[in-house]
Amino acid sequence: MPRHYGNRYIEELYDQITIDDHLEALRAKGLQYRVKIIKSGDILEVEIYPINLAWKELAGKKREKLLTPSRNAQRNLNDQNTRKYVSRLIHTNFSEKDIWLTLTYNNENMPVDIPAATKHLKNYFKRLRRYIKKHNLPELKYIYVTERTESETTGKIHTHHHIILNFTDRDKAEELWTMGGRTQARKLQPDDSGLEGLARYIAKPETKEKNRKGVKTYATSLNLKKPKINTADNRLPTTNYRLSKRRVAAFAKNENLAIEMLEKNLEGYKNTQPIKKCYSEFSPGVYMYARLKKTHDRKGEAKCKKTMYPRL
């Protein structure tokens with residue numbers, strides 16, 4: 001594989017042609033697959049992608065274009081990786097027991113810039129920690145995003161914070177904010193995709209609306225747990241299920257077979273969205289991405305205890 005294309009670029013590379021154009025390449029000689037499973041709380045992500053590929057030699061500008069992503073492609077890739085990173089942190093560290101908090105300012109306390117707003121937020125976290133220590137509560141964890149927008153026509157500035165907190169007292173969370181404005185604390189409400197929508201909001205690019213310019217920043221507490229990652233070649237990690245090129249080709253042609261295989265071997269988890277399948281004119285094989293969510297019925301929980309994933 002060209003050194004420019006590690007895991008970081010693999011999904012971008014495999015996103016160019018359809019399976020009808022690629023049927024023969026699914027059976028390429030020497031084709032092998034690597035499988036990565038990322039566990040973030042109740043969410044399992046499964047990535048299947050080719051390794052040890054016989055890459056076509058590309059001449060001149062065509063090869064250079066492939067190995068050097070355009071500015072827009074690089075920006076899109078960075079945004080995509082940021083969303084994945086934030087989503088995995090959220091699912092690993094927070095659940096429906098925690099809260100989503102919005103904090104705004106009155107006119108008198110409106111910060112002059114992002115660093116000033118960050119200072120206000122740090123003082124807020126100090127007050128929260130004092131309250132936590134006094135009441136012997138779990139150590140504070142958070143992910144926050146600060147947005148500052150300015151109207152190019154009126155010059156009016158608006159700054160606000162959105163915070164995910166492992167703090168259950170919504171009234172107290174609102175009370176400890178002293179900068180005026182509106183406060184709103186809500187319980188986190190995961191859906192079939194977990195908290196993916198929230199992650200996308202936090203990681204979305206800066207405002208580019210007409211007559212408005214915006215600055216945005218996000219940060220996390222240093223005590224957040226990282227998602228657990230297992231990788232194996234030609235099999236599902238932590239299982240004995242082998243993934244030959246013939247099996248992967250069958251899954252590429254029939255998504256239901258892939259879903260059945262994943263749910264059977266990753267007991268206690270259910271597929272939550274269509275499996276993403278991508279192909280490339282530059283390489284044989286297929287890139288596949290699946291997202292599963294832990295079931296919370298008694299039967300599902302009993303099954304889940306038999307797998308290795310809760311202990312990853």
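Figure 1. Of the contacts (heavy atoms within 4.5 Å) with a separation of 6 or more in the protein chain, 73% join residues 24 or more positions apart. The model is predicted, with local features requiring pLDDT of at least 70 and side-chain atom pairs pLDDT 80 or more, whereas totals for chains, interfaces and linings use all residues. Residues are numbered from 1 along each chain as its sequence is written, and side-chain values use heavy atoms, without hydrogens and water. Among the 312 residues of the protein chain, 45% are buried (under 20% relative accessible area, 1.4 Å probe, protein chains only).

Figure 2. The protein chain contains nine helices and 11 strands (DSSP runs of H or I, at least four residues, and of E, at least two, numbered from the N terminus). Strand 10 (residues 276–280) runs antiparallel to strand 11, with four bridges between them; pairing requires at least two DSSP bridges. Two residues separate the strands of this hairpin, and K277 has M288 of strand 11 as its bridge partner.

Figure 3. One cavity of 30 Å³ or more is counted (a set of points on a 1 Å grid over the protein atoms alone where a 1.4 Å probe fits but cannot get out; lining residues have an atom within 4 Å of a point). The volume of the largest cavity is about 50 Å³, taken as the space filled by probe spheres set on the points, which are joined across faces, edges and corners. Its lining includes V46, F251, L262 and M288.

Technical notes
On a 1 Å grid over the protein atoms alone, a cavity is a set of points where a 1.4 Å probe fits but cannot get out, and a pocket is an open set with protein on both sides within 12 Å along at least five of seven lines; lining residues have an atom within 4 Å of a point. Buried means under 20% relative accessible area, exposed over 50%, partly exposed in between (1.4 Å probe, protein chains only).
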